[in-house]
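Subject: Structure for your review

Dear colleague,

Please find below the structure that I am handing over to you. My findings follow it, and I would be grateful if you would read them beside the coordinates.

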Amino acid sequence: MTEDILPPDEPPFAGVIGTNYRESTPAWPVPRQSGTGAPNILVVLLDDLGFGQLSCYGGPVKAPNISRLAEAGLRYNNFHTTSLCSPSRAALLTGRNHHSVGFAAIAEIATGYPGSNAYLPKSAVTIAEVLKQNGYATMCVGKWHLTPTTQSTPAGPFDRWPLGQGFERFYGFMPGETDHWHPILTCDNHRIPLPERDSYHLSEDLADQAIRMLREQQQVATGRPFFMYLPFGAPHAPFQVSPEWIADYKGCFDHGWDAQREITLARQIDLGIVPPDTTLPPRNPGIAAWADLDADAKRLYCRLQETFCGFMDHCDAQIGRVVAAVEQLGQLDNTLILVLSDNGASQEGQAHGTTNTERFRNLMPMGVQEMMADLERIGGPDTDPHYPAGWGMAGNTPFKRWKRDTHRGGNTDPLIVYWPNGVHDHGAVRTQYHHITDLYPTLLEVAGVPVPSVVNGVAQKPLEGLSLRYSFDDGAAPTRKQVQYYEMLGCRALWRDGWTAVAWHQAGSDWAADVWELYHQDKDFAQCKDLAQQHPDKLQALIDDWWTQAKQHNVLPLDDRLYLRAFDPNLPKTALPKPRYSYWSDAAPVPLTALPPLLNRAHRIDALVDIPPEGAQGVLASVGGAQGGWALFVQDGCAHYVHNFLRIRCHKVSSSALPVGRTEVSFVFEPTGKGLGTVQLFVNGASQGSPQAVETAPIVYSAVQDGLQIGRQWGPPVAYDDYHGSFAFTGRIERVDLTLPAPPPV
């Protein structure tokens with residue numbers, strides 16, 4: 001069933017108009033209402049959580065609050081996502097496949113083709129927009145990561161920010177990840193500073209804001225049900241949490257990832273999460289046997305895994321607080337709660353893990369001995385950790401491969417459905433095959449809202465998901481879904497009627513050389529028995545079907561690039577090319593996507609400031625954060641430039657004493673080689689010494705922190721040995737100019 005949701009034109013007046021009020025009858029406009037008894041909806045989306053990590057799915061993470069929801073609800077063991085974050089979020093919110101709505105991958109590596117432009121189309125409005133226009137209060141708290149990079153600046157446009165996509169309120173962060181101790185926070189359509197309080201943590205703040213929004217919505221007793229989308233940043237790296245949460249897992253993983261896979265599988269079989277005949281596939285390629293590791297490696301790897309589990313438990317505690325608030329409001333019985341992940345556990349920590357994910361982004365992995373110096377600080381504000389790929393492999397038990405891949409380890413995720421008024425088969429496991437696109441029609445069916453054919457005057461694309469509401473009541477019901485394709489960064493797969501064809505793709509290789517595997521997934525849950533040789537005709541039919549689906553859903557052209565996509569010179573730019581840009585201290589930071597390219601390119605910064613007689617201190621300009629970047633600041637009466645080379649080394653250049661009054665503090669950067677350059681400081685045009693050599697990040701300053709920050713540090717301090725907190729400038733900044741004497745390199 002479909003219907004039109006038209007723009008809110010003025011309705012015909014339903015009263016009577018006489019010559020005066022005594023002869024007239026008033027009639028007020030009546031806003032569209034949801035159906036009688038429509039439930040509230042709370043969607044909790046976790047980030048990079050694997051199928052085998054939660055205890056209610058057999059894993060080691062206790063997560064007691066999620067477990068309670070699972071015990072009183074349903075767990076799905078055949079639920080699938082796209083294997084990457086933004087694409088899964090786009091599919092969840094639109095009910096269409098990720099290529100169909102322009103999200104082949106994350107927005108930062110969009111390529112400009114219809115399936116990869118990162119522009120959510122108006123012909124595929126979000127579930128929030130539809131529910132809002134049918135009487136729901138809509139709120140989003142957490143990670144967004146669905147705005148084109150050229151539109152993610154304080155200048156907008158804002159139609160692809162949360163408030164432009166059907167949410168009436170938003171609090172969270174816009175990019176793909178952030179520092180949990182010093183996050184990049186956005187409220188509605190504007191950037192806000194970090195709340196000034198002791199022991200800040202993002203997950204706690206998100207829970208606080210979610211609870212506040214729910215209370216504010218409920219206390220006015222409008223009768224409107226709520227739809228809250230709560231996408232936490234956890235447990236995506238960086239794994240950051242206070243020590244007491246980590247300590248709870250101390251020594252729990254000394255047996256290593258090989259043994260953990262066996263332990264998890266045994267628990268999964270006992271819980272009925274997987275069939276009793278499920279076996280483990282071999283170790284993923286490139287993963288060392290735990291027994292072959294040395295003592296330091298084992299100690300480091302265990303600490304990183306302990307930190308991950310404590311980080312996830314801390315997030316679980318915040319979920320418990322939100323659920324408790326819903327119960328306190330008297331709304332729990334009539335609230336449908338979904339808990340799921342956007343993709344499988346990650347391999348992005350590579351062989352050894354890291355205590356600085358900026359090293360991963362700059363293709364400069366860390367070694368074990370280098371990280372041993374960070375061992376006791378892992379998880380704290382000075383580190384940016386990720387575990388080794390071996391723990392990601394264990395987190396995806398019993399499946400092969402990881403996040404980004406189209407084998408089940410990348411795209412099979414937990415889905416928990418809790419709804420006291422609507423789910424009565426408590427603790428049951430559902431085995432029907434479903435995909436994240438199926439949640440949109442499920443929520444519409446639960447809310448009693450027809451699928452709209454026109455919204456805001458725009459004809460809507462047909463939904464590509466299929467409601468799984470039928471499975472709430474009947475665990476034995478056959479799967480209604482017939483086919484689902486997958487593609488991510490060149491890897492491909494297709495499921496149809498219980499069979500899966502899948503091909504892992506090596507970036508840079510010929511797609512024609514990819515080896516396709518064939519699995520009868522209904523009988524081979526973990527994809528262990530490749531039947532490609534026994535059933536070549538079946539395999540070829542599925543491959544042909546994949547190409548049909550690819551053409552239908554805008555998958556082509558295939559593209560296996562990652563970093564090269566992000567730095568493609570053909571990508572649209574926000575910053576119009578000009579020789580000089582000016583910035584001010586009372587404005588929000590300028591994201592990297594809105595800056596001209598500065599890394600390893602000649603540039604000059606001139607900060608025109610006023611120094612009061614008593615002196616001043618603070619940040620004048622900076623890019624990046626504690627894991628890498630540069631900062632120009634005033635301290636102890638002098639100007640200083642610090643270039644933080646990925647926390648490997650900090651290069652510092654200082655001036656003589658600054659004069660009182662109107663003063664120009666400048667630096668000039670000149671590249672001298674790949675990842676090398678010189679910096680020279682100036683005060684009122686006078687050189688403060690000869691150029692000094694600095695090392696720079698080879699690829700990116702900081703992908704998770706703010707771009708250019710003026711007058712204060714918005715995130716963790718670049719010059720972490722010199723200042724802390726926001727270190728706001730105590731004088732006056734008239735403006736800061738950026739001059740680019742040469743065109744950017746291609």
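Predicted model: local features only at pLDDT ≥ 70, side-chain atom pairs only at ≥ 80, totals over all residues.

**Cavities**

A search of the whole structure returns 7 cavities of 30 Å³ or more. The largest cavity holds about 130 Å³ of space. Its lining comprises 17 residues, and those nearest the centre of the cavity are Ala104, Ser116, Val555, Pro557 and Arg565. Sorted by class, the lining of the largest cavity contains 9 nonpolar, 5 polar and 3 charged residues.

For the second largest cavity, the volume is about 60 Å³. The residues that line it are His80, Thr406, His407, Arg408, Asn411, Tyr433, Tyr486, Ala493, Trp495, Thr500, Gln521 and Gln527. By class, the lining of the second largest cavity divides into 4 nonpolar, 7 polar and 1 charged.

**The second largest pocket**

Among the open spaces, I draw your attention to the second largest pocket, which contains about 510 Å³ of space. There are 19 residues in its lining, and Gln347, Arg404, Trp504, Ala507 and Leu562 are the closest to the centre of the pocket. The class count for this lining is 9 nonpolar, 4 polar and 6 charged residues.

**Helices**

Two packed helices are described by the angle between their axes and by the distance between those axes. For helix H4 (residues 202-219) and helix H7 (residues 295-328), the axes come within 9 Å and cross at roughly 10°. Since angles under 35 degrees count as roughly parallel, H4 and H7 are therefore roughly parallel to each other. On the H4 side, the contact is made by Ser203, Glu204, Ala207, Asp208, Ala210, Ile211, Leu214 and Arg215. On the H7 side, the residues are His314, Gln318, Arg321, Val322, Ala325, Val326 and Gln328. Taken by class, this contact of H4 with H7 has 7 nonpolar, 4 polar and 4 charged residues.

Helix H12 (residues 439-447) is largely enclosed by the rest of the structure, because 8 of its 9 residues are buried. The buried residues of H12 are Leu439, Tyr440, Pro441, Thr442, Leu443, Leu444, Val446 and Ala447. Glycine 448 follows H12 and has a positive phi, near 70°.

**Backbone geometry**

Proline 157 belongs to the loop between strand S5 (137-143) and strand S6 (169-173). The bond from alanine 234 to proline 235 is also cis, with omega near -5°. Proline 235 is placed in the loop between strand S9 (226-231) and helix H5 (243-247).

Positive phi values also occur in residues other than glycine. Aspartate 48 has a phi near 70°; the loop that holds aspartate 48 runs between strand S2 (40-46) and helix H1 (64-71). Its relative accessibility is 3%, so aspartate 48 counts as buried. Leucine 363 has a phi near 55° and sits in the loop between helix H8 (357-361) and helix H9 (368-372). Leucine 363 has 52% relative accessibility and therefore counts as exposed, the cut-off being over 50%.

**Aspartate 384**

Aspartate 384 lies in the loop between H9 and helix H10 (389-395). Is this residue buried or exposed? Aspartate 384 is buried, with a relative accessible area of 2%; the limit for that class is under 20%. With neighbours within four places in sequence left aside, the contacts of aspartate 384 are Pro238, Gln240, Thr354, Thr355, Asn356, Thr357 and Gln627. Aspartate 384 and threonine 178 stand 206 residues apart in sequence, while their C-alpha atoms are 9.9 Å apart in space.

Yours sincerely

Conventions: Residues numbered from 1 in each chain as written. Heavy atoms only, no water. 1 Å grid on protein atoms, 1.4 Å probe; cavity = no way out; pocket = protein on both sides within 12 Å on 5 of 7 lines; lining within 4 Å. Points joined across faces, edges and corners; volume = space filled by probe spheres on them. Nonpolar A, V, L, I, M, F, W, Y, C, P; charged D, E, K, R; others polar. Axes fitted to C-alpha atoms, helices over the stretch in contact; angles between N-to-C directions. Helix = DSSP H or I, 4+ residues; strand = E, 2+ residues; numbered from the N terminus. Parallel < 35°, antiparallel > 145°, perpendicular 65-115°, else oblique. Contact = heavy atoms within 4.5 Å. Buried < 20%, exposed > 50% of the residue type's maximum accessible area, 1.4 Å probe, protein only.
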